[in-house]
Amino acid sequence: MIHLSDVRKAFNQGKSNEFWALKGIDLSVKAGKVTVFRGPSGSGKTTLLTLVGCLARPTSGRVRLRDRDISGLPERFLTDIRRSTFGFVFQQFNLLKGISALENVMIPAYPLGRDRKDLARRAHELMESLDIHAKAQSNAEWLSGGEAQRVAIARALINDPEVVIADEPTANLDSERSRQFLGIVEALKASGKTVLMTSHDPLVCDTAVVDHVVSLRDGQLVEAR
Amino acid sequence: MSPWVHKQRNLLDFTLSSLSRRKGKTLGMMVVYTAIVFVLASVMLFSHAIRREAAVVLAKSPEVLVQRMVAGRHDLIPARHLEAVKGIRGVQSAEGRLWGYLFDPAAVANYTLMVPTNPRIEPGKVVIGDAVVRARSADPGDLMSFRAHDGALVQFRVDKTISRESALVSADLFLVSEEDFRRLFGIAPGLFTDLAISVRNPREVVKIAEKIDAALPDTRIILRDEILRTYESVFDWREGMLLVLLAGSILAFAIFSWEKASGLSAEEKREIGILKAVGWETSDVIRLKMLEGMVVSLSAFLVGYLLAYLHVFYFGAGLFEPVLKGWAVLYPKYKLTPFVDELQVATLFFFTVFPYTIATVVPIWRAAIVDPDTVMR
């Protein structure tokens with residue numbers, strides 16, 4: 001589904017502090033599977049996730065989504081692809097404070113111009129399926145880590161994306177909450193979603209729901225299974 | 001409904017909930033903003049309404065006034081001048097007027113004395129304006145005494161009072177009979193204060209004024225349009241003076257709004273990053289922030305203007321009355337006729353809502369063009 005060929009990404013290119021986060025990645029991500037990018041801090045796994053998820057463009061190399069080369073598209077087109085194809089669960093969850101969990105879930109759909117009633121119904125359904133419905137009217141800052149993550153997952157699913165991207169999803173959760181999260185991943189996989197995650201948590205990498213583990217070090221791919 | 005309408009509705013809903021999240025900042029901004037619009041709109045509405053009122057009043061006044069001048073000062077005009085004016089072609093009517101000022105030591109105020117020709121007032125009686133009623137607590141039937149030019153006492157019985165509706169021009173009026181007026185000031189029969197002339201064809205006013213000037217070289221001619229222009233400039237000057245005084249506060253507001261509107265907090269920048277990461281386009285983010293600015297400025301504008309309207313037309317413009325009305329001892333009490341000038345509203349709108357909205361957009365645009373992957377770092 002997603003193919004990367006010789007993808008490189010530099011930050012501060014041409015400056016004294018130039019840094020190459022990715023140094024020639026070749027990779028294929030299969031649809032309907034769960035793939036984990038593993039590696040130590042600074043290995044480039046989050047950068048790789050941003051390129052796959054159309055949050056950034058590679059410095060060189062190609063990223064193809066199905067048969068379409070998306071590596072050189074202008075931002076407007078990338079945004080369009082991002083919101084229709086990908087759903088994001090950020091490491092810090094990145095919910096907006098001061099508004100309800102329900103509204104947080106609906107935010108990605110606002111620019112699409114969907115009917116507000118339908119949108120609210122869809123958000124309620126998602127929250128119910130993730131067992132967070134009771135907190136729908138609670139403000140985001142009042143939620144616990146596990147609750148905030150489930151709201152973030154509901155937000156990622158509101159536009160019904162094909163691919164769900166999660167950056168270090170268990171980094172802020174205890175073991176019990178981490179297992180709950182993996183249960184959700186299993187459900188997503190069962191519903192046909194492709195899941196991409198970064199993690200160096202053995203609980204995530206060694207679980208049965210994960211189909212592929214891609215190991216990175218110093219911006220290079222060292223192992224893929 | 002089309003997706004475009006749904007999108008705008010969703011954005012507006014989100015704008016309102018965004019604003020409610022920053023209650024302190026939003027409310028503070030709106031209070032200051034409303035106060036500025038209120039003050040500016042009050043001055044504008046008041047000056048405009050009073051100018052209009054003066055124009056309406058003057059519309060009924062004679063087109064030409066003739067005053068005699070002696071050594072550069074206004075002097076009494078003899079009746080033979082009246083006859084001379086009546087003989088000029090194009091003059092519809094001419095009459096001698098008697099008017100003057102009388103200082104009342106009891107009220108420490110000046111009254112404007114006039115002798116009306118229609119209806120005439122009986123000798124010994126007086127009709128008084130609203131401010132005179134208040135200054136002397138005088139009611140119909142009461143007696144008022146004054147010293148005449150020779151020290152003799154002249155007594156008047158209050159016949160009736162003039163209603164407050166016309167207080168703008170009648171507040172300090174003291175209407176007496178011709179006999180009483182002449183006795184009070186020692187003015188001999190056959191002399192008048194000035195002459196009021198009406199002209200048959202309004203387009204001939206200037207020509208007739210020239211003819212009078214030629215026939216009576218010791219007089220000065222005052223046209224109604226000149227009085228109107230004088231009123232205009234007096235109120236323009238007062239309005240301008242007040243606006244200059246307010247300039248400091250307007251400048252302070254500009255700095256305050258720039259600071260509040262343009263200074264994006266780290267939290268707001270982070271939020272913009274999140275919105276972009278979850279699929280909002282740069283234009284969506286800018287539209288959202290513009291809507292925020294518009295909701296604040298438009299609400300403040302409407303509330304401020306409404307308050308100014310009530311202040312000026314229902315509460316007598318208490319805050320600016322002393323400056324805008326004048327410096328007389330007897331202030332008229334009256335309600336101005338509500339009048340709103342569209343151009344004035346548009347000007348005020350342009351100078352308040354527009355700069356604020358622009359002030360919010362520039363920094364937002366800078367923040368909104370950041371890469372969406374910043375939230376992942």
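Two residues are in contact when heavy atoms of theirs lie within 4.5 Å. The model is predicted, so local features need pLDDT of at least 70 and side-chain atom pairs count only at pLDDT 80 or more, whereas totals for chains, interfaces and linings use all residues. Residues are numbered from 1 along each chain as its sequence is written, chains are lettered from A and ligands numbered from 1 in the order in which they are written, and side-chain values use heavy atoms, with hydrogens and water left out.

Leaving aside neighbours within four places in sequence, Lys276(B) touches Glu75(A) and Arg82(A) in chain A, and Thr282(B), Val285(B), Ala368(B), Ile369(B), Val370(B) and Pro372(B) in chain B. Its relative accessible area is 0%, and Lys276(B) is therefore buried (under 20% relative accessible area; exposed is over 50% and partly exposed in between, with a 1.4 Å probe and protein chains only).

Ala368(B), one of those contacts, is also the end of helix α12 of chain B, residues 342–368. The 27 residues of α12(B) reach 36 Å from first C-alpha to last, close to the 39 Å expected, where the expected span is 1.5 Å times one less than the number of residues. At Phe350(B) the helix bends by about 30°, the bend being the angle between axes fitted to the seven residues ending there and the seven starting there.

In chain A, strand β8 (residues 194–198) is mostly covered, with five of its five residues buried. Thr194(A), Leu196(A) and Thr198(A) point one way, while Val195(A) and Met197(A) point the other. Strands pair if DSSP finds at least two bridges between them. β3(A), residues 34–38, runs parallel to β8(A) and is joined to it by four bridges, with Phe37(A) partnering Thr198(A). β7(A), residues 163–167, is also parallel to β8(A), through five bridges, and Ala166(A) partners Met197(A).

Lys45(A) lies in helix α1 of chain A, residues 45–52, and counts as buried because its relative accessibility is 5%. A polar atom of its side chain lies 3.0 Å from the backbone oxygen of Gly39(A).

Key
Helix = DSSP H or I, 4+ residues; strand = E, 2+ residues; numbered from the N terminus. Polar contact = N/O pair within 3.5 Å; in protein donor to acceptor, adjacent residues only side chain to side chain.
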